[in-house]
Amino acid sequence: MRTRDADRLALFLLLTPFVLWIGLLIVLPHVGVVLLSLREKIAPRVFEYGLGNYVAFLKEPIYLNTLLRTAVMSLLVTALALLVAFPVAFYIAKVARARSRAALLLLCLVPLWVSDLVRAFGWIVLLRETGIVSGALQALGLVAGPVELLYNDATVVVGLVYTVVLFMIVPLVSTLDGMDDSLIEAGFNLGGSRLTVLRRIVVPYAMPGIVSGSIIVFMLTAGSYLTPVLLGGKTSMWFTEQIYDQFITRFNWESGAAFGVSLLIFTSLVVWIGLRLTGQQLATTVARR
Amino acid sequence: ETLRLLTWGGYASDEVIKAFEKEYSDIKVEVTLSNNEEMIAKLRATGGSGFDLAQPGFNRIKAAHVEFDIYKPLDLSKIETGRFDPIMLNRVVASTSIDGKVYAVPHLWGTSGIMVDKTKAPDLKDWLDLCDPKYKGRTSMRLARTILVGSAFAMGEDPYAAYGDLKKYQEIMSKVADRLIACKDNVKAYWRGGDDLSAMMLSGEAVASDTWDSTTFKIFAQNKNIVYVPPKSGAVGWIDSFALPKKGRADDAAYKWINFVTRPEIAALMGAKTGAVTAVKGGIDVMPADKKEAIKAAFTDADIANIKWAAVIQPGVEDIEGKTLERIKAATAK
Amino acid sequence: MPSDLACQDVSKRFGRFLAVDGVSFSVPGGSFFSILGPSGCGKTTLMRMIAGFEEPSGGDILIDGRSVVDTPPNRRNVKMVFQHLALFPMMNVGENIAYGLRCRGMGREEIRRRVTAVLDRIGLPGVAEKQIHQLSGGQKQRIAIARCMVLEPDVLLLDEPLGALDLKLRERMKIELKLLQHQFTTTFLYITHDQSEALVMSDRVAVMNHGRFEQIGTPQELYHAPATAFVAGFVGDSNRWDAAVVRTDGDRIAFATTSGEGMIGHWAERSRRPAIGDRIAVFVRPEAIEVRRSSAEPVDGGEVNRLSGTVESILFNGAASRLLVRTANGQIVEADLPQSGAAAGIAQGEAVEVAWPAERARCFLAEGRAP
Amino acid sequence: MPSDLACQDVSKRFGRFLAVDGVSFSVPGGSFFSILGPSGCGKTTLMRMIAGFEEPSGGDILIDGRSVVDTPPNRRNVKMVFQHLALFPMMNVGENIAYGLRCRGMGREEIRRRVTAVLDRIGLPGVAEKQIHQLSGGQKQRIAIARCMVLEPDVLLLDEPLGALDLKLRERMKIELKLLQHQFTTTFLYITHDQSEALVMSDRVAVMNHGRFEQIGTPQELYHAPATAFVAGFVGDSNRWDAAVVRTDGDRIAFATTSGEGMIGHWAERSRRPAIGDRIAVFVRPEAIEVRRSSAEPVDGGEVNRLSGTVESILFNGAASRLLVRTANGQIVEADLPQSGAAAGIAQGEAVEVAWPAERARCFLAEGRAP
Amino acid sequence: MNAAEPRSALLRVCYGGYVVLFFVYLVAPLAAAGVFAFHDSEFAALPWRGFTLDWFFGTAEPRLGMFHDRRLLVGLANSLVVGLIVATAATAIGTTNAFLFERKDFPGKRILFVLMVIPLVIPGVILGISILVFASSIANALEDRLDLELTFLRPGLVLVVLGQLSFLTTITTLVVAARLRKLDGALEEAALNLGAGRARVLATVTLPFLRPALVAGFLVAFLVSFENFNTTLMLVGSDAPLTITMYDRMVKGGSTPVLNAVSLFLILGSGLLALASILLQREPTRPAATTNEA
Ligand SMILES: Nc1ncnc2c1ncn2[C@@H]1O[C@H](COP(=O)(O)OP(=O)(O)OP(=O)(O)O)[C@@H](O)[C@H]1O
Ligand SMILES: Nc1ncnc2c1ncn2[C@@H]1O[C@H](COP(=O)(O)OP(=O)(O)OP(=O)(O)O)[C@@H](O)[C@H]1O
Ligand SMILES: [Mg+2]
Ligand SMILES: [Mg+2]
């Protein structure tokens, strides 16, 4: 039939850019990275295939610890971001008047307007020992001398939460937006207290948004570089830093690739466990916007 | 024609570029800022293309080239070698010759040592004085090979001599690592860029740090109390050189640039800008007065004699150093 | 013992807009009270004040004589069935019904017992485990009511609960709701814009317009003795003609419609009197109009209004069929289609005579706009 | 000259599900044909095949005798008014109406002229510059029709176009649509699940169920002589009782309802005959049932079914009020409330007698489920 | 009043206060970075030494203002070029993807959909290195076998564009698909029914309907491309976009408040862009009365 052929042609035409994109920019490069990670350097310009890079990775506690540390901190950041974002998202979606909603949401996107670099830069200006916050605290007489607020894990967490919080707010707002106000009203009407309504109605309803926000935030955090590097203290190693180091200061692409693959596998595992625990699916949660 | 320079911050100031472009109006200069490690990383990634002239430290050229095949030999006949300080030139040529071909000529040299705010830390004299508990939380370092090498010298070892013997080198580095880990509490933060450091020093957040002499000279202009101290166990000397990336497209322009910046008047301009000394004859003498003064104030002749000139890095050394640095970074302070 | 509900001069202002304007009424315990009005007249706002979701700008709300305006919504024993039901999609049927009981801290076993009992009561035993989306519209409806009734509320509020259902189901649920109310003997306050729902189910109905109550009465009173033009037009079908007063004689007035027919009608407004020349609106119900073939011999039916015309169109709808008659002056008169007797079988285009008594033509001052 | 439309044995299969099952009908040019059926019975699917959005799995569709199944939808001169109107929100009213003319490549000036003309025709002159969202529901409705009519289609398809309107407006639009059709004299094919719409507007109606046509006829035929149990239940209100055949005597059959009442009815199914013991469904319209006070002296009205009971409930709805009578056996009988005569004023709880003639109790084999 | 809002005044104030505090948190570092753009000193640190516009308009070292700093301007130009190309390409592919997943049925659709979503959750570094490695290995292979030197496969703006495209396409796809899902199929059918051909339907109905999503997708892609660091760092060659230029300046050269000036410039620029997008996308406001009928 004519329409069948036309349909098939249309499908083909639509499939082509998709396949080119996903194939050339995602799938093949990742296959390439995996292959590269399996190359072991024996001598300058001499390689052979094997698991040596992974063995080296697993044998070196520094790398493993860094990976774990990155994961734990990322989870912490994710949890904090959720905690910080939820009331704000709820406010935007449910409490704010319809008119101010768009403006507030736009304001939430403020950090997106500038690069990581500028954000980190801003935090440095604010938090350094001779920075604004320290100065303000001294001026207020709250502290006797200058305080160093930079270069520790707490700062890294604050900076990371800052960087990612909007990726939590946006999905939360969009799920909460879809929630009929009358569900909340019904919750009260049937005798529920504020807490009951929150726990039994609002949070379960927002679950897809919570999960999708958490996934994106976790992945972004685990993959972030500048914030932990620039704000981090003496001991704060971030796993992406290791990857960059392998590639950029050690020019050891093979082990860098192995690190990258390990990071991907590990974080995917965390996400998979998260999806399992909450009974959600990647395609449906993340794509639901 | 475009000359794509891969170089250090400050090595190709706008002033110099303007002067160059004025003279060679058909050449446009494009600068990518980098450092030793990234230069190699970039050239490795591009397979030696993408840049026409690179300026890595002379000691890191050979190993990188052997491993990644990223440079092409220089045609010394196109360079006015007569202008160079022969000692510097020989040092570089000797260290970067492979199979009789020369891969680099020197450009700027300087030393790494310690920057000290002399009003706040008058008695800080050697690398490991940075670990003096008196200055707890008030010193800084850059986690890079300089501090490793410097500390090794300060601990009485000779790391350069161990380059040929990786096992020995590993031992030295382990010791250094232990020492620096123990010192971690003393350090306020490890600096990464000149910016970090100058902000910390100028604001008084830190009183001392390891650094390049040139950086100190720049800061000296802002605060005369901040001076460069060549460490007792020897400053670490470095020479940044010129090398041609393997697939550079503008070799002629590159040679022109090399010959341009080694002219005395340009060398003076460079020196003023960077605080590093040009590897031309009488490099120090062409420096502007204040820089010359700073250098003279910093170095006695004995200090100059005591400079530990970087040795050529052998394959494998960087791995050991990298791991050591990671160990230090990851360790929790005691 | 069912509770009574009373509103005293309740108002609600949104900015400069007065959504509810001094409404007073009281509902005796156990009765079925409806508020009927067009979209946007303030019905939902009034109900939300009773439930506690809005604070009145003025007036008082009393349950069993005690003011509840300071009681937060989750403490008022006034339960509400929402317009779109608001069943919790993340809970199954049983959990939905148990929600309120859990909020009261009741024991598991007791909750289970009561949920089962109420499901039996609404005729849906055994659906406790089903998910909400597995229910049909009518079943959801009943679950929403059960979810409230299991809490034994003083008053049950229902906000157009049948609005989302389809036609046939709505007809059935109308009757079912009324029977449910008999069963639970709770006070029902019902909101609707569908006059047939209000008339069929309620003991008393308030007709609301622009935030005000136009009339409160039994369905019969509203239908047979509307107090205002708005009520006359909104409750039940009517012919509505604009006219001018020609002569008055007590409650009996003569008038001329805009298309020029002269008729006699009955003054229906208590509070005002007509003057000659006043513009009025006249309402005549189609069932009040008798249709005869013009050829038939004239009968003296006691009526005073008698017009001849031709059948413009027949709107067949079974027992509720109508005729559109166009008079010589072009006036359209809608009358019930005679289904038996001499006038049965009238066809389109036929010449007919329409007639009705003066008492059935209710006249009001014409300020209320057409509904 | 309006065109006729015919479907011959048209079917549509979605996977294994047969949405439309061998439907045949023909609509004479210029007439108003409705398809009436419950939700999901396949009405929209059938219409989409006629418009060309779905390909029939079998059968043929003819316009003026020529098959159109191979004509792509944008070449068929069959225009459609969509269920939710599908007016283009990014264009104003004038652009919406001009869209089809532009597609035909008509000149600017000519388009402007025609748009103005059609807007006049539908009684909305001067709205061409308005945005769609500035229109009221009824206006949108008319614009959607104008957008099609300006193209002078062979056939106009309307898919439940009144579904989204509110009650009072729907009543008005019903009449208006019918008058519009008279004006344009185009063939209308109208889909609805609201029997009153179909009855009031159509020349002929097809009743559809589960993908099949159960009956095609004039509104009167469907109402007064339903051919199947489904039609009897779906068209107009009815009492529906399940019963078993006790005795047959030609078309007259005696049966007993499930609650035990013995009655006499009329066999209404042409294609099948009942046997004793067969389960049947009996339909009696409320208006066929006469209600008398039990105390009143018996009248011989010619009816054969006569039950006594008490008034369970009065469903007051003005002229369309109903009584629910519960017989001694517990059978519920719904009858029109007598508004005049001896039985007027019957109250809840009163003892009454209900009676109706055998011919008005239509009996069918009980396989069709209750609508 | 709103049921979601706390009833008690105290709680309401606390809640409102929290939200305000949150927005202060969001704005603080940007404001801090912005303020020092006017600092009359060569260091962006306290103590405050006075106000100057040198960091924008200064013409000579050491106070070279951003509008005279050639490298920053080149970086800005590179960023703009990359941003425009990436945003255009991502929006185009995102649109075809949206049609593919919303309108077509084909075997393996679910898997491909998951594949489509995945780039969103791959760390940027890994995207960067994977493309770097892939492009290098092709380039090396071509060079070894065919002696063909394809410079665009070496780090440089082309790879930067490809790297950013890899994950931005997912974002634009999701944005456009969400809008496409909202498009009532009846609108397109109505257009067909009124006699329009497929292409005309696309041009007059579908694309106009998608326009807000296309604009949004384009802007988001542009902004994210502009600020991207992680992926770009791995792929950058000799001509760096602005973020990389700034990073190099910060870490390798000495930074001056000129970086603050650039930051402020970016904040204002993207702020205006975001605002413009909101204004562009605002649907005609509907009178309350007519919305109910839809
Ligand atoms: N929160 C509010 N702010 C401002 N105006 C409001 C608010 N809530 C309702 N209104 C206005 O008050 C009027 C009455 O609204 P309400 O919802 O009570 O009407 P309704 O009678 O329930 O109508 P419907 O039958 O359409 O549900 C409307 O004009 C509405 O626009
Ligand atoms: N594209 C399709 N694929 C599968 N099944 C379909 C499709 N379209 C319709 N159906 C099914 O065909 C049946 C008839 O659908 P149709 O839309 O024609 O019903 P309808 O009579 O118009 O109902 P309504 O009154 O609710 O609009 C329904 O059961 C529906 O689920
Ligand atoms: Mg309402
Ligand atoms: Mg349909």
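Because the model is predicted, local features need pLDDT of at least 70 and side-chain atom pairs count only at pLDDT 80 or more, while totals for chains, interfaces and linings use all residues. Residues are numbered from 1 along each chain as its sequence is written, chains are lettered from A and ligands numbered from 1 in the order in which they are written, and side-chain values use heavy atoms, with hydrogens and water left out.

**Ligand 1, in chain C**

- The residues around ligand 1 are C:Phe14, C:Phe17, C:Ala19, C:Ser39, C:Gly40, C:Cys41, C:Gly42, C:Lys43, C:Thr44, C:Thr45 and C:Glu160, where a residue counts as near a molecule or strand if one of its heavy atoms lies within 4 Å of it.
- By class, this shell around ligand 1 holds 4 nonpolar, 5 polar and 2 charged residues; Ala, Val, Leu, Ile, Met, Phe, Trp, Tyr, Cys and Pro count as nonpolar, Asp, Glu, Lys and Arg as charged, and the others, Gly among them, as polar.
- Oxygen atoms of ligand 1 lie 3.0 Å from a backbone N or O atom of C:Gly42, 2.8 Å from an N or O atom in the side chain of C:Lys43, and 2.5 Å from a polar side-chain atom of C:Thr45. A polar contact is a pair of N or O atoms within 3.5 Å; within protein, one must be able to donate a hydrogen and the other to accept it, and residues adjacent in sequence count only if both atoms are side-chain atoms.
- Of the 640 Å² of accessible area that ligand 1 has on its own, the protein covers 63%, with accessible areas taken from the Shrake-Rupley method with a 1.4 Å probe and, for residues, only the protein chains shown counting as cover.
- Two or more residues of the shell around ligand 1 come from each of β2 (17–27) and α1 (43–51) of chain C, and α1(C) supplies the largest share, 3 residues. Helices (H or I, at least four residues) and strands (E, at least two) are DSSP runs, numbered from the N terminus.

**Ligand 2, in chain D**

- Around ligand 2 stand D:Phe14, D:Phe17, D:Ala19, D:Pro38, D:Ser39, D:Gly40, D:Cys41, D:Gly42, D:Lys43, D:Thr44, D:Thr45 and D:Glu160, a shell that divides into 5 nonpolar, 5 polar and 2 charged residues.
- Backbone N or O atoms approach oxygen atoms of ligand 2 at 2.7 Å for D:Gly40 and at 3.2 Å for D:Cys41, while an N or O atom in the side chain of D:Lys43 is 2.9 Å from an oxygen atom of ligand 2.
- Taken alone, ligand 2 exposes 630 Å², of which the protein buries 60%.
- The elements giving two or more residues to the shell around ligand 2 are β2 (17–27) and α1 (43–51) of chain D, and α1(D) gives the most, with 3 residues.

**Chain B**

- Chain B contains 13 helices and 15 strands. Its radius of gyration is 19 Å, close to the 20 Å that the globule rule gives for 334 residues, so chain B is as compact as a globular protein of that length; the radius is taken over C-alpha atoms, and the rule is 2.2 Å times the number of residues to the power 0.38.
- Along the principal axes, the C-alpha atoms of chain B fill a box of roughly 55 × 45 × 30 Å.
- Buried residues make up 65% of the 334 residues in chain B, where buried means under 20% relative accessible area, exposed over 50%, and partly exposed in between (1.4 Å probe, protein chains only).
- Among contacts in chain B between residues at least 6 apart in sequence, 77% join residues at least 24 apart, contact meaning heavy atoms within 4.5 Å.
- Chain B exposes about 11,500 Å², and carbon and sulfur atoms supply 51% of it.

**Chain E**

- Chain E has 12 helices and 2 strands, and from the N terminus on its elements run α-α-β-β-α-α-α-α-α-α-α-α-α-α. The radius of gyration of chain E is 24 Å, well over the 19 Å that the globule rule gives for 294 residues, so chain E is more spread out than a compact globule.
- Of the 294 residues of chain E, 59% count as buried, and its accessible surface comes to about 11,600 Å², of which 69% belongs to carbon and sulfur atoms.

**C:Thr186**

- C:Thr186 sits in the loop between α5 (167–184) and β8 (187–192) of chain C and is buried, with a relative accessible area of 7%.
- Although C:Thr186 and C:Ser31 are 155 residues apart in sequence, their C-alpha atoms are 7.2 Å apart in space.
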